[in-house]
Amino acid sequence: MERKQQLAFLLSMLVLFVILVAQNFSMRGELDRLPYGEFKALVKAEKVKNVVLGEQVLWGTLLGEEVEGLVSKQTAERLRQLGPGEHPFSTIRVNDPTLVQDLEAAKIPFSGVVESKWFATLLSWILPALIFVAIWQFVMRRMGGGAGLMAIGKSHARIYMEKGTGVCFDDVAGIDEAKEELMQVVEFLKAPERYRKLGGKIPKGVLIVGAPGTGKTLLAKAVAGEAGVPFFSLSGSEFVEMFVGVGAARIRDLFEQAAQKAPCIIFIDELDALGKARGMGVMGGNDEREQTLNQLLVQMDGFDTSSGVIIMAATNRPEILDPALLRPGRFDRHVAIDRPDLPGRQQILRVHSKAVTLAPGVDLALIAARTPGFAGADLANLVNEAALHAARIGKDAVDMQDFDEAIDRVIGGLEKKNRLINPMEKQTVAYHEAGHALVAEARPNADRVGKISIVPRGIAALGYTQQIPTEDRYLMKKSELLDRIDVLLGGRVAEEIVFGDVSTGAQNDLQRATDMARHMITHYGMSETLGLATFEEPRTSLFLNVPVPQQQATYSERTAQAIDDETRKILDDAHARVVKTLEASRGTLEVLAKLLLEKEVVDRASLDEILADQSRQS
Ligand code: ADP
Ligand code: ZN
């Protein structure tokens with residue numbers, strides 16, 4: 001369809017061009033652009049039969065005999081070639097006031113014409129327009145939008161529909177938690193009627209969050225594959241360069257098509273490109289993106305899950321998404337995919353090496369141990385590189401040496417992209433997280449530790465200690481806040497104790513601890529010296545961990561100084577307490593950090609074992 005239209009467009013341009021050229025040529029004679037001087041000489045010698053006076057050009061008929069001496073050698077030569085008889089000619093007109101007199105004197109009939117200007121007009125209008133369109137089309141194609149002029153109104157061109165993805169859960173390795181969460185969606189898609197009858201609540205939208213290459217798309221496809229339903233996909237980034245209105249039309253289209261094929265899955269990749277919080281753009285806004293986003297919200301609200309359509313979306317930057325997208329009834333189910341841990345990497349390697357012939361000595365566990373920080377896509381790439389390497393030297397099986405080479409290659413590439421941490425950093429992160437965890441365990445009012453991980457999570461967080469609140473909290477006591485501050489300082493203090501040096505990794509911790517200490521004084525009246533007065537507008541950012549915008553202070557310099565001093569004191573006291581705690585359990589810190597370095601993820605059970613050992617020793 002698109003091809004045909006483009007062809008028609010090109011053809012009509014060609015026809016236009018031919019007409020223009022023909023027009024142009026029909027004004028010319030056999031003797032084109034006869035020099036004006038020669039023309040005048042011919043007029044005076046009465047060798048011209050008639051003349052038409054145009055505004056810029058003169059043309060007419062020449063009696064082409066006995067012209068030697070009147071014209072240049074070239075013109076004479078041309079005339080000889082044309083043969084005897086009359087010849088049409090044309091001349092560029094020059095400003096010559098006596099021309100008419102001369103023509104009258106020589107009794108040459110002459111007339112004027114009104115030159116039609118449509119040709120010039122056409123040229124000056126249409127040509128630039130055509131050039132503009134051509135450039136535009138080129139740019140659009142380069143940007144990958146693939147749309148250009150021809151795609152207006154034909155919005156389904158870029159929606160991909162796969163009848164069956166051919167991917168199943170077995171192809172997705174190392175992210176069992178995410179798979180489990182999506183099992184319910186698969187069950188629903190397999191038999192929507194059953195759920196409809198029971199009236200069970202099915203999520204409308206599932207947001208998959210994870211770093212690039214961790215298998216978000218793969219997982220969504222696997223859900224479709226397992227359920228045996230069609231898979232519609234499109235990418236949020238494709239909407240950004242669209243015409244106003246096209247993106248919205250496309251979304252409408254997508255939902256219409258999907259409704260016809262239900263049960264099915266709609267998958268929107270790179271949701272963040274489309275769903276950035278509105279009004280966040282630097283240069284005003286992107287109207288098109290907002291329209292598209294609004295349309296998406298409208299469509300999501302407009303259908304109910306019992307129709308059997310489930311929307312999945314992927315992003316690696318959930319924090320910039322418009323909150324409206326995450327509201328109940330939209331993408332209210334979130335599935336997080338972390339980079340795979342050691343066993344996960346081994347499983348992914350197994351999946352991908354199924355297709356290649358492995359030599360007997362290949363130890364996938366060893367390879368997994370050597371590739372911390374690799375995402376699923378990196379591991380797939382690794383296996384491929386190893387196979388290529390083996391093929392290049394003509395081996396019939398891929399052996400450890402090929403993998404060694406491939407690891408070096410892939411690591412090199414990832415390091416360039418700043419996506420891997422080096423062993424020294426990894427060690428620092430291990431002690432840092434172990435510090436957080438041990439302080440959390442030592443404080444009666446802190447939440448228990450659920451899981452400690454040093455698998456990098458994103459750009460900012462190199463590791464994390466997950467704490468599980470035992471209950472929902474709306475009120476916190478001073479002692480609880482102080483314990484929280486202690487836990488935040490735990491990472492930094494562990495680095496101090498172990499390395500005698502600190503890293504930049506604790507920046508976020510310190511920021512949060514400082515905020516918390518300040519809030520205790522300025523909002524909650526928990527300060528001994530400043531008393532019960534509150535000093536700032538209450539803001540709800542304490543538990544949400546959002547940066548607080550600076551505001552005009554409503555208190556004096558002296559009070560400001562006092563607040564700073566008091567904050568400092570809270571933090572210093574906390575620091576001293578944490579140092580004491582960690583020095584007392586120095587041995588356990590070592591054990592835990594070593595275990596983290598080895599396993600990358602330590603769960604509650606392993607932590608309990610370590611803590612039990614500690615209490616036995618002391
Ligand atoms: P994302 O959408 O998160 O950027 P993809 O789903 O496109 O990542 O993953 C790219 C490729 O990496 C997949 O096609 C697959 O070959 C491989 N891959 C990623 N994660 C996994 C995994 N958990 N198990 C198996 N293969 C994976
Ligand atoms: Zn930390």
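This is a predicted model: local features need pLDDT of at least 70, side-chain atom pairs count only at pLDDT 80 or more; totals for chains, interfaces and linings use all residues.

Biologist: What makes helix α2 lie across β1, β2 and β3?

Modeller: Contact, meaning heavy atoms within 4.5 Å. Helix α2 (residues 36–44) lies across β1 (48–53), β2 and β3, and runs at about 130° to β3. That angle is taken between N-to-C directions, from 0 to 180 degrees, with axes fitted to C-alpha atoms and helices fitted over the stretch in contact.

Biologist: How do you know that β2 and β3 pair?

Modeller: Two strands pair if DSSP finds at least two bridges between them, and β2 (residues 57–63) and β3 have seven, in the antiparallel sense. Among the facing residues, leucine 63 has glutamate 86 of β3 as its bridge partner, and leucine 58 stands opposite threonine 91. β1 and β2 also qualify, with five antiparallel bridges, including valine 51 to glycine 60. Those two strands form a hairpin with three residues between them.

Biologist: Why is one side of β3 and of β4 left without a neighbour in the sheet?

Modeller: The sheet is open, with four strands in the order β3-β2-β1-β4 and mixed pairing. β3 (86–92) and β4 (110–112) stand at its edges with a single partner strand each, so each has one side without a neighbour in the sheet. Neighbouring strands here are turned by 15° against each other on average, direction ignored.

Biologist: Why is β7 called largely enclosed?

Modeller: Buried means under 20% relative accessible area, exposed over 50%, and partly exposed in between (1.4 Å probe, protein chains only). Five of the five residues of β7 (residues 231–235) are buried, so the strand counts as largely enclosed by the rest of the structure. Phe231, Ser233 and Ser235 point one way, Phe232 and Leu234 the other, and all are buried. Five of the seven residues of β2 are buried, so β2 is largely enclosed too.

Biologist: Which strands does β7 join through bridges, and in what sense do they run?

Modeller: β5 (residues 160–162) and β7 run antiparallel, joined by three bridges, with tyrosine 160 opposite serine 233. β8 (residues 264–269) runs parallel to β7 over five bridges, one of them putting leucine 234 with isoleucine 268.

Biologist: What makes a residue count as being around ligand 1?

Modeller: One of its heavy atoms has to lie within 4 Å. There are 17 such residues, and Ala173, Lys216, Thr217, Leu218 and His352 come nearest.

Biologist: How do you know that histidine 352 makes a polar contact with ligand 1?

Modeller: The cut-off is a pair of N or O atoms within 3.5 Å; within protein, one must be able to donate a hydrogen and the other to accept it, and residues adjacent in sequence count only if both atoms are side-chain atoms. A side-chain N or O atom of histidine 352 is 2.7 Å from a nitrogen atom of ligand 1, which meets the limit. A backbone N or O atom of glycine 213 lies 2.9 Å from an oxygen atom of ligand 1.

Conventions
Residues are numbered from 1 along each chain as its sequence is written. Chains are lettered from A and ligands numbered from 1 in the order in which they are written. Side-chain values use heavy atoms; hydrogens and water are left out.
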